[in-house]
Amino acid sequence: MLEEAIQVIRQLFSGEEVNHHGAHYTVENARLYTVPDEPVPIDVSGFGPAATQLASRVGDGYITMMPDASMVEQYLPHARKARGDPHGGGAGKPVSGGTKVCYDTDADAAVRTAHRLWANELLPGELGQVLPSPKHFEQAQTLVTEDMVRRNRVCGDDVDAHVAELKRFADAGFDRVYVNQIGPDLRGFFDFYRTKVLPRL
């Protein structure tokens, strides 16, 4: 379904009228009247081998949230082949990752904030993908303790810990990493990264 949807989106970027009758979608007389000067890149997320191969075949880039070098290594050869580049590094098909941190000058307060706002991220197995409603997430996140957050999320203002988290992605071959601040201190987070973390990378 995703592959077919991407095909339709790319047709729409032409600015021409699109009619499509596929296995999953029917599109009739669709047209974008205001199109970008160049098609918008479509990066595809993948967390397993099949999705990673799909991303390399049909995406303009790859997104995954774990600094897993084996997934990057799986992606790049397929990306090279898809672009007709047997030797290059994916030829303009970047690998992007993301991580969540909770900046605060008080590490314990940061842990409490991350636990309160984003405990569901640490739910075991596939539980976070199959729960049907917010009520169920509220119930399930009681399985996540503050200690679990402390072990699995960078919380506080330890520069070395923040740098190490980003370095894990760089060492795994990522081209860019998006960092999400959990919590309300966005100004503090941006100032901290601008003055303390990014100069170390």
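Modeller: A pocket here is an open set of points on a 1 Å grid over the protein atoms alone, where a 1.4 Å probe fits, with protein on both sides within 12 Å along at least five of seven lines. Its volume is the space filled by probe spheres set on the points.

Colleague: How much space lies in the largest pocket?

Modeller: About 720 Å³. This is a predicted model, with local features needing pLDDT of at least 70 and side-chain atom pairs 80 or more, while totals for chains, interfaces and linings use all residues. Numbering runs from 1 along each chain, and side-chain values use heavy atoms, without hydrogens or water.

Colleague: Which residues lie nearest the centre of that pocket?

Modeller: Met65, Met66, Glu121, Leu122 and Arg153, out of 25 lining residues (an atom within 4 Å of a point).

Colleague: And which elements give two or more residues to the lining?

Modeller: Strand E5 (95–102), helix H5 (127–130) and helix H8 (159–171). Helices (at least four residues) and strands (at least two) are DSSP runs.

Colleague: What is the lining like by class?

Modeller: The largest pocket has 11 nonpolar, eight polar and six charged lining residues.

Colleague: New topic. What about the phi of Asn29?

Modeller: Positive, about 55 degrees, and Asn29 is not a glycine. Asn29 sits in strand E2, residues 26–30.

Colleague: Is Asn29 buried or exposed?

Modeller: Exposed, because its relative accessibility is 56% (the cut-off is over 50%, with a 1.4 Å probe).

Colleague: Last one: at what angle do H1 and H2 pack?

Modeller: About 20 degrees, between helix H1 (residues 2–12) and helix H2 (residues 49–58). Their axes, lines fitted to C-alpha atoms over the stretch in contact, are 11 Å apart. So H1 and H2 are roughly parallel (under 35 degrees, on a scale from 0 to 180 degrees).

How values were computed
Ala, Val, Leu, Ile, Met, Phe, Trp, Tyr, Cys and Pro count as nonpolar, Asp, Glu, Lys and Arg as charged, and the others, Gly among them, as polar. Buried means under 20% relative accessible area, exposed over 50%, partly exposed in between (1.4 Å probe, protein chains only). Angles under 35 degrees count as roughly parallel, over 145 as roughly antiparallel, 65 to 115 as roughly perpendicular and the rest as oblique.
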